[in-house]
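Subject: Structure handover

Hello,

Here is the structure you asked about. Please open it alongside this email.

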Amino acid sequence: KKFSVTYYRAEYERNIARVEGPQGRYMKGKRQSTVEPVFGTLIEFMGLRKINTIGLKQANKAMHLSAIAYNLKKYLKFDQKRSIPIAIGSGAGKLALPLFVKIMVHYVKSHSPAHGKFTFNF
């Protein structure tokens, strides 16, 4: 076996110490709890391994639509966990979903006016 030491060993050790310090552990925990699960879900379960579009605008639109789908799934799961008397009593939960969808569709349409294939009737 061959053991080699890189020229950048000092930088590697400094980075390892920074990541293993208290602030590094805190930031790693934050990232793992907020960002990484979302991208993991989009990649593994929602087919976003590859974006088949041409141009940044189209790729951005695909990411927005994926994020909307993720948030809708999350909202529906949250809505099902709520107790039945609250959902029936106020009706606000039933009104919030169509409004949320309408706002998101308007957002996507306004950020890509050249794409005319969006037709949604509410």
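Below is what was found in it, from the whole chain down to single side chains.

Please keep in mind that this is a predicted model.

Overall make-up

The protein chain has 6 helices and 0 strands. Read from the N terminus, its elements run α-α-α-α-α-α. Of the 122 residues in the chain, 13% are buried. The accessible surface of the chain is about 10600 Å², and carbon and sulfur atoms account for 62% of that surface. As for contacts between residues at least 6 apart in sequence, 47% of them join residues at least 24 apart.

Helices H2 and H3

Helix H2 covers residues 22–34 and helix H3 covers residues 36–45. The two pack at an angle of about 35°, and their axes are 4 Å apart. Which residues of H2 and H3 meet? On the H2 side they are Arg31, Gln32, Ser33 and Thr34, and on the H3 side Glu36, Pro37 and Val38. By residue class, this contact of H2 with H3 is made up of 2 nonpolar, 3 polar and 2 charged residues.

Salt bridges

Side chains of opposite charge can pair when their charged atoms come close. In this model the count comes to 2 salt bridges.

One of them joins the side chains of Glu13 and Arg9, with an N to O distance of 2.9 Å. Both residues lie in helix H1 (residues 9–20), and they are 4 residues apart, about one turn of the helix.

Arg49 counts as exposed, because its relative accessibility is 63% and exposed means over 50%.

Aromatic pair

A pair of aromatic rings is described by the distance of the centres and the angle of the planes. The count here comes to 1 aromatic pair. Tyr7 and Tyr8 form that pair, with 5.3 Å centre to centre and 85° between the planes. The arrangement is edge-to-face, because the angle of 85° is over the 60 degrees needed for that class.

How exposed are the two tyrosines? Tyr7 is exposed, with a relative accessible area of 73%.

Regards

Terms used. Residues numbered from 1 in each chain as written. Predicted model: local features only at pLDDT ≥ 70, side-chain atom pairs only at ≥ 80, totals over all residues. Heavy atoms only, no water. Phe/Tyr/Trp six-rings, centres within 6.5 Å; stacked < 30°, edge-to-face > 60°. Buried < 20%, exposed > 50% of the residue type's maximum accessible area, 1.4 Å probe, protein only. Contact = heavy atoms within 4.5 Å. Areas by Shrake-Rupley, 256 points an atom, 1.4 Å probe, with all protein chains shown as cover. Axes fitted to C-alpha atoms, helices over the stretch in contact; angles between N-to-C directions. Nonpolar A, V, L, I, M, F, W, Y, C, P; charged D, E, K, R; others polar. Salt bridge = Lys/Arg side-chain N within 4 Å of Asp/Glu carboxyl O.
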